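Here is a briefing on side-chain pairing and helix packing. Look over the sequence and the model before reading on.

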Amino acid sequence: MGSKYTKRYTEEFKRDAIALVDSSGKTVTAVARELGISSESLRGWYRRAKADRGVGESGELTSAEREELKRLRREVREQQQTIEILKKATAFFVKENDR
């Protein structure tokens, strides 16, 4: 697979690269080659931008939805941990009261 080190591109660079694909009429692969980036990266950015504009594949999440999903999953995980702790505490107190 790819190296552990991944180049980080600014949002502005990504937007410009996507705009270049739209305005130049060139393929994602051709534009990526010209910019010296991987076509997989540019294809991903392009797909995400289309989804964010509401013209992506059906069922594809927007960036905002993806962020919300991450936040909600984290919240659920934290709540599940809290519930486990409360269950243990409850069991402990029930045992203490039975003595």
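Is Glu75 buried, partly exposed or exposed? Glu75 counts as partly exposed, because its relative accessibility is 33%. The model is predicted, and local features need pLDDT of at least 70. Six salt bridges and four aromatic pairs turn up in the structure.

- Side chains of opposite charge can pair when their charged atoms come close.
- Arg71 and Glu75 do this through their side chains, with 2.7 Å from N to O.
- Both residues sit in helix H4, which covers residues 63-98.
- They are four residues apart, so about one helical turn separates them.
- Arg71 is partly exposed, because its relative accessibility of 36% falls between the 20% and 50% cut-offs.
- Glu75, at 33%, is partly exposed too.
- Glu84 and Lys87 form another salt bridge, at 3.5 Å from N to O.
- That distance counts because the cut-off for a salt bridge is 4 Å.
- Glu84 and Lys87 also lie in helix H4, three residues apart, or about one turn of the helix.
- Glu84 has 40% relative accessibility and counts as partly exposed.

**The Glu34–Lys26 salt bridge**

- The side chains of Glu34 and Lys26 meet in a salt bridge, with 2.7 Å from N to O.
- Glu34 is exposed, at 52% relative accessibility.
- The label follows because exposed means over 50%.
- Lys26 is partly exposed, at 38% relative accessibility.

**Aromatic pairs**

- A search of the whole structure gives four aromatic pairs.
- Tyr9 and Phe13 form a stacked pair, with ring centres 5.0 Å apart and 20 degrees between the planes.
- The pair is called stacked because its planes are under 30 degrees apart.
- Tyr9 is partly exposed, with a relative accessible area of 24%.
- Phe13 is likewise partly exposed, at 26% relative accessibility.
- Tyr9 also pairs with Trp45, and here the geometry is edge-to-face.
- The Tyr9 and Trp45 centres are 5.3 Å apart, with 70 degrees between the planes.
- What does this pair tie together? Tyr9 lies in the segment before helix H1 (11-24) and Trp45 in helix H3 (residues 39-52), so the pair ties together parts that are 36 residues apart in sequence.
- Trp45 is buried, with a relative accessible area of 12%.
- Ring pairs link Tyr9, Phe13 and Trp45 into a cluster.

**Packing of helices H2 and H3**

- Two packed helices are described by the angle between their axes and the distance between the axes.
- Helix H2 (residues 28-35) packs against H3 at an angle of about 120 degrees, and the axes are 8 Å apart.
- This angle makes H2 oblique to H3.
- The crossing of H2 past H3 is right-handed.
- On the H2 side, the contact is made by Val28, Thr29, Val31 and Ala32.
- On the H3 side, Ser39, Leu42 and Arg43 make the contact.

Methods
Residues are numbered from 1 along each chain as its sequence is written. This is a predicted model: local features need pLDDT of at least 70, side-chain atom pairs count only at pLDDT 80 or more; totals for chains, interfaces and linings use all residues. Side-chain values use heavy atoms; hydrogens and water are left out. Buried means under 20% relative accessible area, exposed over 50%, partly exposed in between (1.4 Å probe, protein chains only). Helices (H or I, at least four residues) and strands (E, at least two) are DSSP runs, numbered from the N terminus. Rings of Phe, Tyr and Trp (its six-membered ring) pair if their centres lie within 6.5 Å; planes under 30 degrees apart count as stacked, over 60 as edge-to-face and the rest as tilted. Axes are lines fitted to C-alpha atoms, for helices over the stretch in contact, and angles run from 0 to 180 degrees between N-to-C directions. Angles under 35 degrees count as roughly parallel, over 145 as roughly antiparallel, 65 to 115 as roughly perpendicular and the rest as oblique. A crossing is left-handed if the near helix is turned anticlockwise from the far one by less than a right angle, and right-handed if clockwise. Contact means heavy atoms within 4.5 Å.
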